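Subject: Handing over a structure

Hello,

Here is the structure I promised to pass on to you. Please open it alongside this email, and then read on for what turned up.

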Amino acid sequence: MRSLIERLPKVELHLHIEGTLEPSLMLELAERNQVPLPYKNLAEVKAAYQFEDLQSFLDLYYLGASVLVTEADFYELMMQYLTKASQDHIVHCEVMFDPQTHLARGIGFEIFMPGFQRAIADAEQKFGISTYLIMCFLRDLPEAEAIDTLLLAAPFKDQITAIGLDSAEMGHPPSKFQRAFAEAAREGYQLVAHAGEEGGPEMIKDALDTLKVVRIDHGVQCIQDSDLRLRLAQARVPLTVCPLSNIKLCVFADMAAHPLLSLLSQGLNVTVNSDDPAYFGGYLVDNFWAVYQAHHFTEEQFRQLLDNAIKSSFLPDARKKQLIDQIW
Ligand code: ADE
Ligand code: ZN
């Protein structure tokens, strides 16, 4: 099974580029850009990665992102991830980024977008991997700042496929961003949102009904609501589930308690993703492998998970069909 997981072409739909910042690159960039960090070496960075919930992770994640300063830094970050992804036979990915984390430090779209774009073009040429960008609003900040961010992104609109919503979920329901998402829809962006990671099923319903998103990131708290599960299954709403993330952030006690396979068996459109692999101890293959070790899914179930991700992507239908033909 390990070699099948490695070998088959895969699509990743839930990956934060700032969450691919490996400790080694973090220390190198901190030194190069003279950004102070509370860590002296790799061992100290890794020792800090013990999280008790989403917020305890986000504090370190935003601190880590502070070492990203120049266009070259953003290029290197994206290129490092796309190289690793290609080695793992990921053929298409939809990568999230958090502009507000960078804007707050005076680093604008004119710095990070060219860095991302250059790496995406180089990786496509070198490895054949395709990459779409999802620009996320930070939900713990005011909606007005999300709308400002949408305006700043306008010159780069052709390079951004979708708008997403991430950061601290508790106390920040999707409906807080109703106007920002309505405006994004008018501008032609696809819409996704994190919901039901730590927050309850009502967050998922709010994202679907108020924001009109076409995909839910995480969504695992639908386990608490059988009517919602039925609705999600009937509408084939994609859930971009991140198993290792859920364990690291204590959403579930251990992988044996993770509901991915149960949701798949109930007909939900679940996919497997890595979220923030540099912080959670594994990339996409590691996520599949960790789930396999706990649940021993069949080859058929594995292919179904890949099929779900291809069909739930924003790729054109012809490309989806090509990829589906390769996995069955
Ligand atoms: N930002 C990066 N990773 C995240 C996650 N798992 N949930 C919410 N916001 C995030
Ligand atoms: Zn996420």
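Which residue in β7 is the bridge partner of Ile216? The partner is Leu239.

Before going further, a word on the ground rules. The model is predicted, so local features need pLDDT of at least 70 and side-chain atom pairs count only at pLDDT 80 or more, while totals for chains, interfaces and linings use all residues. Residues are numbered from 1 along each chain as its sequence is written, chains are lettered from A and ligands numbered from 1 in the order in which they are written, and side-chain values use heavy atoms, with hydrogens and water left out.

**The sheet**

Helices (H or I, at least four residues) and strands (E, at least two) are DSSP runs, numbered from the N terminus. Two strands pair if DSSP finds at least two bridges between them. On that basis, eight strands make up an open sheet with parallel pairing, in the order β1-β2-β3-β4-β5-β6-β7-β8. β1 and β8 (269-272) are at the edges with a single partner strand each, so one side of each has no neighbour in the sheet. On average, neighbouring strands are turned by 25° against each other, direction ignored (axes are lines fitted to C-alpha atoms, for helices over the stretch in contact, and angles run from 0 to 180 degrees between N-to-C directions).

**Around β6**

Strand β6 (residues 215-218) runs parallel to β5 (residues 190-195), and four bridges join the two. One of the pairings sets Ala195 against His218 in β6. To get from β5 to β6, the chain passes through helix α10 (residues 201-211) in a right-handed β-α-β crossover. Right-handed here means that, with the strands pointing away from the viewer, the path from the first strand over the helix to the second runs clockwise.

β6 also pairs with β7 (residues 238-241), again in the parallel sense, over two bridges. Here Asp217 stands opposite Thr240. Together with helix α11 (residues 226-234), β6 and β7 make a right-handed β-α-β unit.

His218 deserves a look of its own. This residue lies in β6 and has a positive phi of about 75° although it is not a glycine. His218 is also buried, at 0% relative accessibility (buried means under 20% relative accessible area, exposed over 50%, partly exposed in between, with a 1.4 Å probe and protein chains only). Another non-glycine residue with a positive phi is His296, near 45°, and His296 sits in the loop between α15 (284-295) and α16 (299-312).

**The zinc site**

What coordinates the zinc ion (ligand 2)? The donors are His14 (NE2), His16 (NE2), His194 (NE2) and Asp275 (OD), at 2.1 to 2.3 Å. Donors are N, O and S atoms within 2.8 Å of the metal (3.2 Å for Na, K and Ca); water is not among the atoms, so sites may look incomplete. In sequence, the donor residues follow the spacing H-x1-H-x177-H-x80-D. Distant parts of the chain are linked here, with His16 in β1 (residues 10-16) and His194 in β5, 178 residues apart. His16 is buried at 4% relative accessibility, and His194 is buried at 5%.

**Salt bridges**

A salt bridge is a side-chain nitrogen of Lys or Arg within 4 Å of a carboxyl oxygen of Asp or Glu. By this rule there are 15 salt bridges.

- Arg215 and Glu94, with the closest N and O atoms 2.8 Å apart. The pair links Arg215 in β6 to Glu94 in β2 (residues 90-97), 121 residues apart. Arg215 is buried at a relative accessible area of 0%, and Glu94 is buried at 0%.
- Asp225 and Lys205, at 3.1 Å from N to O. Asp225 is in the loop between β6 and α11, and Lys205 is in helix α10, 20 residues apart. Asp225 is buried at 14%, whereas Lys205 is partly exposed at 31%.
- Lys321 and Asp325, at 3.2 Å from N to O. These residues are four apart in helix α17 (residues 317-327), about one helical turn. Lys321 and Asp325 are both exposed.
- A network of salt bridges linking Glu28, Arg32, Asp73 and Glu76.

Happy exploring!

Best wishes
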